[in-house]
Amino acid sequence: MSGAANGLRPDLALISEWIEPGARILDLGCGDGALLAHLARSRNVRGYGLEIDPDNIAKCLAAGVNVIEADVDDGLRDFRDGSFDYVVMTQALQAMQHPDRVIAEILRVGRTGIVTFPNFGHWRVRLALARGRMPTTPALPEEWYSTANIHLCTVADFEDLCRERHWHVRRRSLMDHSRRDDAVLRLMPNLLSEVALYQLHK
């Protein structure tokens, strides 16, 4: 199902296709709850969102999404091992104080983890840095002084971490600025992809 058809961003639409019907899901940094609301309607999922922004929490509640006010950086200690079929975190990994610990927690409480992040190895980023400037791109739109991003990484960096921690990459999708995944991107993923999506198993 396309993003245009279901009202989701293209990356969220792709993630929704990775989720089995009837699954239990935890969405970390769930924003306005759009993904959870869509999955509840289209795939009969059950679950919760974690969110820290009061405006987004209000939007979740208005959409009928179960939301818990919590800071993901504080950990997921309130959830038992294997509590969820999927734990999802989209476009927030780079804003975490300890992203490796967050992924470990994702894979503790969920059978499957799904994470997405902007690729700091993209050619636009490299070009800006070569010019002596902090990059702004469609995937990294904020200026250096207003961004929440503190731990940016490349596709190659992330896959190195997965190998070191023995996290199995079951699926990977790479998207350009228009959120398309094609064969050219897969040939040079660290150079051409702007957004990376990974499905992980412990």
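Analyst: A strand here is a DSSP run of E, at least two residues long, numbered from the N terminus. In this predicted model, isoleucine 114 is found in strand β5.

User: Why does isoleucine 114 count as buried?

Analyst: Buried means under 20% relative accessible area. Isoleucine 114 has 0%, so the label buried applies.

User: What does isoleucine 114 touch, beyond residues up to four places away in sequence?

Analyst: A contact needs heavy atoms within 4.5 Å. Isoleucine 114 touches Ile15, Trp18, Ile19, Tyr86, Val87, Val88, Met89, Tyr198 and Gln199. As for glutamate 20, it sits 94 residues away along the chain, and its C-alpha is 13 Å from that of isoleucine 114.

User: How do you know how β5 and β7 run, and how many bridges join them?

Analyst: Two strands pair if DSSP finds at least two bridges between them. β5 and β7 have six bridges and run antiparallel. Phenylalanine 117 stands opposite alanine 196 in β7.

User: In what sense do β6 and β7 pair, and over how many bridges?

Analyst: Antiparallel, over seven bridges. Leucine 174 stands opposite alanine 196 in β7.

User: What makes β7 a mostly covered strand?

Analyst: Seven of its seven residues are buried. Val195, Leu197, Gln199 and His201 point one way, while Ala196, Tyr198 and Leu200 point the other way. Residues of both groups are buried.

User: In what order do the strands of the open sheet stand, and what is the pairing?

Analyst: The order of the seven strands is β3-β2-β1-β4-β5-β7-β6, and the pairing is mixed.

User: What makes β3 and β6 stand at the edges?

Analyst: Each has a single partner strand, so one side of β3 (67-69) and one side of β6 (168-175) have no neighbour in the sheet. From one strand to the next, the twist averages 15 degrees.

User: In what sense do β2 and β3 pair?

Analyst: Parallel, over three bridges. The cut-off for pairing is at least two bridges. β2 covers residues 46-51. Leucine 50 has isoleucine 68 in β3 as its bridge partner.

User: Which helix lies across β1, β2 and β4?

Analyst: Helix α3, residues 34-43. Its direction is at about 165 degrees to β1 (24-28). Helix α5 (residues 99-109) also packs on the sheet, where it touches β1, β4, β5 and β7. The direction of α5 makes about 150 degrees with that of β5.

User: How many helices and strands does the protein have?

Analyst: Nine helices and seven strands.

User: Why does the radius of gyration of the protein agree with that of a compact globule?

Analyst: For 202 residues, a compact globule would come near 17 Å. The protein has 16 Å, and that agrees. The C-alpha trace spans about 45 × 35 × 35 Å along its principal axes.

User: What share of the residues count as buried?

Analyst: 49% of the 202 residues. The accessible surface comes to about 10500 Å², and carbon and sulfur atoms hold 50% of that. Among contacts with a separation of 6 or more, 64% join residues 24 or more positions apart.

User: Why does cysteine 162 count as buried?

Analyst: Its relative accessibility is 2%, and the cut-off is under 20%. Cysteine 30 has 7%, so it is buried.

User: Why does asparagine 44 count as exposed, and why does glutamine 91 count as partly exposed?

Analyst: Exposed means over 50%, buried means under 20%, and partly exposed is in between. Asparagine 44 has 56%, so it counts as exposed. Glutamine 91 has 24%, so it counts as partly exposed.

Key
Residues numbered from 1 in each chain as written. Predicted model: local features only at pLDDT ≥ 70, side-chain atom pairs only at ≥ 80, totals over all residues. Heavy atoms only, no water. Helix = DSSP H or I, 4+ residues; strand = E, 2+ residues; numbered from the N terminus. Axes fitted to C-alpha atoms, helices over the stretch in contact; angles between N-to-C directions. Rg over C-alpha atoms; globule rule 2.2 N^0.38 Å. Buried < 20%, exposed > 50% of the residue type's maximum accessible area, 1.4 Å probe, protein only. Areas by Shrake-Rupley, 256 points an atom, 1.4 Å probe, with all protein chains shown as cover.
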